[in-house]
Amino acid sequence: MKKLILSALIVSTLLSCNNSKKLEEVVEVPLPETEEVVTEMGNPADVKVDEGGAFEMIALPYAYNALEPHIDAKTMEIHFSKHHLAYANNLNKAIAGTEMANMSIEDIFKKLDLENKAVRNNGGGYYNHNFFWEIMASNKGGEPTGAVAEAITKDFGSFADFKTQFVDAAMKQFGSGWAWLIVDKTGKLAITTTANQDNPLMTKLGNTGTPILAVDVWEHAYYLKHQNKRKDYLEGFFNVINWDKVTEKYTAATAVK
């Protein structure tokens, strides 16, 4: 009887030791391999209006990622292929079957009834965005030279003063809209702002002139990268301004005065 009890105790002790050893063992479970997520960008050349539209999508003059890090590729892709395309398609629907289908966008603005919200909003969105893409480029920014630099110094005191006033105007534009540098009817440079998709070519608005520079301050233009920090976006914008194109527009605008 005593032998049986002793044997049971030995077996129990061995099992206990074995369990302890098992609890102390460290089992390394390999982590799943991480793969770098690459977001594929579309080709802006593939973005087309619906068939039969009077106004086409003007090709973006650079790749979606060309303006990084100042304007990120994802924002550019959504801005161009979603927002801009929607304005183009909706403009074409609004003017279908009217005399405006055979007019230039600039001539439409000259005669536009501001109560025609479909053409006002979508026509403005179409023109404004085409203008915006055109006056930006990679490896640009800095300060302008030549005729437009001289005009800025003459009308604002210095480039630094112009930049301060332009950024201030863009910051003060409540909600969605645009800030513009225009040539007014006297040939002088002026800074103005417009709400929503209005622009200075809409002659019935009052604050009219020929645009030579513009910045989009709708939140969709910067929110993915900068969230609510509009000023950071505006500072970045000055690093991608294509001053050669701005000067070209200035020369054309002053040539007809």
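Two residues are in contact when heavy atoms of theirs lie within 4.5 Å. The model is predicted, so local features need pLDDT of at least 70, side-chain atom pairs count only at pLDDT 80 or more, and totals for chains, interfaces and linings use all residues. Residues are numbered from 1 along each chain as its sequence is written, and side-chain values use heavy atoms, with hydrogens and water left out.

**Exercise 1.** Determine which residues join helix 2 to helix 4, and describe the crossing.

*Solution.*
Step 1. Helices (H or I, at least four residues) and strands (E, at least two) are DSSP runs, numbered from the N terminus. Helix 2 covers residues 73-95 and helix 4 covers residues 117-134.
Step 2. Two packed helices are described by the angle between their axes and the distance between the axes. Axes are lines fitted to C-alpha atoms, for helices over the stretch in contact, and angles run from 0 to 180 degrees between N-to-C directions. The axes of helix 2 and helix 4 come within 8 Å and cross at roughly 140°. Helix 2 is therefore oblique to helix 4; angles under 35 degrees count as roughly parallel, over 145 as roughly antiparallel, 65 to 115 as roughly perpendicular and the rest as oblique.
Step 3. On the side of helix 2, the contact residues include M76, F80, Y87 and L91; on the side of helix 4, V119, Y126, F132 and W133 are among them.
Step 4. By class, this contact of helix 2 with helix 4 holds 13 nonpolar, nine polar and no charged residues. Here Ala, Val, Leu, Ile, Met, Phe, Trp, Tyr, Cys and Pro count as nonpolar, Asp, Glu, Lys and Arg as charged, and the others, Gly among them, as polar.

**Exercise 2.** Carry out the analysis for helix 6 and helix 8.

*Solution.*
Step 1. Helix 6 (residues 159-172) and helix 8 (residues 230-237) pack at about 140°, with axes 10 Å apart. Helix 6 is therefore oblique to helix 8.
Step 2. K163, F166, V167, A170 and M171 of helix 6 meet R230, K231, L234, E235 and F237 of helix 8.
Step 3. The residues of this contact of helix 6 with helix 8 divide into six nonpolar, no polar and four charged.

**Exercise 3.** State whether T192 is buried or exposed, and list its contacts.

*Solution.*
Step 1. T192 lies in strand 2 (residues 189-195).
Step 2. Its relative accessible area is 11%. Buried means under 20%, exposed over 50%, and partly exposed in between (1.4 Å probe, protein chains only); T192 is therefore buried.
Step 3. Not counting residues up to four places away in sequence, T192 touches W178, A179, W180, I182, P200 and N207.
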